[in-house]
Amino acid sequence: MLTRMFFGGFVRMHVLYHAAQTPIFGAEMIEELRRHDYDIGPGTLYPMLHQLHQAGLLSCSSDVVRGKRRKYYRATPEGIAALDEAERKLRELVAEVLHDRVPEEGPYGRRGGE
Ligand SMILES: [Zn+2]
């Protein structure tokens, strides 16, 4: 599916958003993303979490839960700054892409005044 090309950025932003609220862990995020209709498996999500951690946007700590080690991630101050920046870009994009949408014309209605 071609829309998958965009999902990486959406998923990273979504993860960062939740990690800015509360510590998150992989399995929980997979469930959360599924709730939002993203079918992301551990083979995709875990490398993303690792990458965000390596980039300094997430901090990581581990804990043992029911005999298994679990990694918790939280947004760092850099992660929160990146989220703020991404939010500005997202608002700008939404204003541009969705601004001229006229519901009666369907999702990709013609631009007004043209
Ligand atoms: Zn969510």
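**A tour from the core to the zinc ion**

Start with the largest nonpolar core, which has 20 residues. Select V11, V15, I24, L33, L45, L49 and L58, which make the most contacts inside this core. A nonpolar core here is a set of buried Ala, Val, Leu, Ile, Met, Phe, Trp, Tyr and Cys residues joined through side-chain atoms within 4.5 Å. Buried means under 20% relative accessible area, exposed over 50%, and partly exposed in between (1.4 Å probe, protein chains only).

This is a predicted model: local features need pLDDT of at least 70, side-chain atom pairs count only at pLDDT 80 or more, and totals for chains, interfaces and linings use all residues. Residues are numbered from 1 along each chain as its sequence is written, and side-chain values use heavy atoms, with hydrogens and water left out.

Next, show I24. Leaving aside residues up to four places away in sequence, I24 touches V15, H18, A19, M29, L49, K71, Y72 and Y73 (contact: heavy atoms within 4.5 Å).

Now select the zinc ion. Its protein donors are H14 (NE2), H18 (NE2), E32 (OE) and H36 (NE2), at 1.8 to 2.5 Å. Donors are N, O and S atoms within 2.8 Å of the metal (3.2 Å for Na, K and Ca); water is not among the atoms, so sites may look incomplete. Along the sequence, the donor residues follow the spacing H-x3-H-x13-E-x3-H.

Which is buried, H14 or another? H14 is buried, at 15% relative accessible area. H36 is partly exposed, at 34% relative accessibility.
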